[in-house]
Amino acid sequence: MSDVSRPSTTGARPAARTAAVIPAAGRGVRLGPGAPKALRALGGVPMLIHAVRAMAASRAVSLVVVVAPPDGAAEVKSLLDAHALPGAGAGGTDFLVVPGGESRQESVRLGLEALPPDHDIVLVHDAARPLVPVDTVDAVIEAVREGAPAVVPALPLADTVKEVEPATAEGEPERVLATPDRARLRAVQTPQGFDRATLVRAHETVTGNVTDDASMVEQLGVPVVTVPGHPEAFKVTRPLDLVLAEAVLARRRLNDVF
Ligand SMILES: Nc1ccn([C@@H]2O[C@H](COP(=O)(O)OP(=O)(O)OP(=O)(O)O)[C@@H](O)[C@H]2O)c(=O)n1
Ligand SMILES: C[C@](O)(CO)[C@H](O)COP(=O)(O)O
């Protein structure tokens, strides 16, 4: 059960249909040389397939739109055909693949443009967060269904955070400017869930660099609320994250958890 305080601007929609957009078009530069990150293997299965399975595992998700690397849509379609996906088939979850763009923001917009009209709730979930548990997905959907226009899974920080003056020359130390109160900070994950019209308006209106979709909604002045995130929803960004992801998968297999 989520613990959000809910400024409801959209009204409760317990039966609203939910689509998930999965931006998967990134290169994965921080992971090092190799195939686009979403296509790299985790436990012998492409990372993207884990992310698609995580969304389709929610009974509430009836459509998954994968935003593929710009020249990789055909390959991604073949991967979806070649792997078992929960709910796939008549009357279950549908799957679409569209080519992505130069930035995460553009890829999400291209995914949104591909959505058919009959889905009022949209999740945006990084392919790079392949191991998010279904309970987290469901908590986000539930909070949007109950009326929150924008919902993010969030965790408290373990580290103390410093605001710095970025160095102007290589090797020069950065000067610490401030230490924000950690108790008021959260690390946010995906899936982020939205009232569809609000998210579309944000993508039509907000320009400039952003690192997540919720911050675009914040810029509209629309409230964004949190639900508890999960440590296993971490983002695979650097090589060490792959080691952790393999370990989580191995433990799930031992415990016979999908
Ligand atoms: N042009 C882009 C860039 C990113 N993404 C997606 O956005 C998610 C989060 O991005 P990130 O982890 O930064 O992935 P990359 O951009 O691939 O990583 P890097 O910055 O290290 O290259 C990933 O699922 C990634 O595939 C995307 O769909 N289109
Ligand atoms: C959307 C996100 O996963 C929330 O934490 C994150 O901001 C993506 O950042 P990235 O630099 O595109 O990986």
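# Close-up views of the ligand sites

**View 1. Ligand 2 meets a polar side-chain atom of Asp-126, which lies 2.6 Å from one of its oxygen atoms.** A polar contact is a pair of N or O atoms within 3.5 Å; within protein, one atom must be able to donate a hydrogen and the other to accept it, and residues adjacent in sequence count only if both atoms are side-chain atoms. Lys-235 places a polar side-chain atom 2.4 Å from an oxygen atom of ligand 2, and for Arg-30 the corresponding distance is 3.3 Å. On its own, ligand 2 has 360 Å² of accessible area, of which the protein covers 76% (Shrake-Rupley method with a 1.4 Å probe; for residues, only the protein chains shown count as cover).

This is a predicted model, in which local features need pLDDT of at least 70 and side-chain atom pairs count only at pLDDT 80 or more, while totals for chains, interfaces and linings use all residues. Residues are numbered from 1 along each chain as its sequence is written, chains are lettered from A and ligands numbered from 1 in the order in which they are written, and side-chain values use heavy atoms, with hydrogens and water left out.

**View 2. The shell around ligand 2 contains six charged residues, two polar and one nonpolar.** The residues surrounding ligand 2 are Arg-30, Arg-104, Asp-126, Arg-129, Val-188, Thr-190, Thr-211, Asp-212 and Lys-235 (near means that a heavy atom of the residue lies within 4 Å). Ala, Val, Leu, Ile, Met, Phe, Trp, Tyr, Cys and Pro count as nonpolar, Asp, Glu, Lys and Arg as charged, and the others, Gly among them, as polar.

**View 3. Ligand 1 has 18 residues around it.** Those that come nearest are Pro-23, Gly-28, Val-29, Arg-30 and Ser-107. By class, this shell has seven charged, six nonpolar and five polar residues. A backbone N or O atom of Val-29 is 2.7 Å from an oxygen atom of ligand 1, and a polar side-chain atom of Arg-30 is 2.8 Å from one. A polar backbone atom of Ala-24 lies 3.3 Å from an oxygen atom of the ligand. The protein buries 87% of the 560 Å² that ligand 1 exposes when taken alone.

**View 4. Ligand 1 sits in the largest pocket, and ligand 2 also takes up space there.** A pocket, on a 1 Å grid over the protein atoms alone, is an open set of points with protein on both sides within 12 Å along at least five of seven lines; a cavity is a set where a 1.4 Å probe fits but cannot get out, and lining residues have an atom within 4 Å of a point. A molecule sits in one if more than half of its atoms lie within 2 Å of its grid points. The largest pocket holds about 920 Å³ of space (points are joined across faces, edges and corners, and volume is the space filled by probe spheres set on them). Its lining has 35 residues, with Gly-26, Arg-30, Lys-37, Arg-104 and Lys-235 nearest the centre. Helix H3 (residues 104-113) gives the largest share of the lining, three residues (helices, H or I of at least four residues, and strands, E of at least two, are DSSP runs numbered from the N terminus).

**View 5. A cis peptide bond joins Thr-190 and Pro-191.** Omega is about 10 degrees. Pro-191 lies in the loop between strand S10 (186-188) and strand S11 (192-195).
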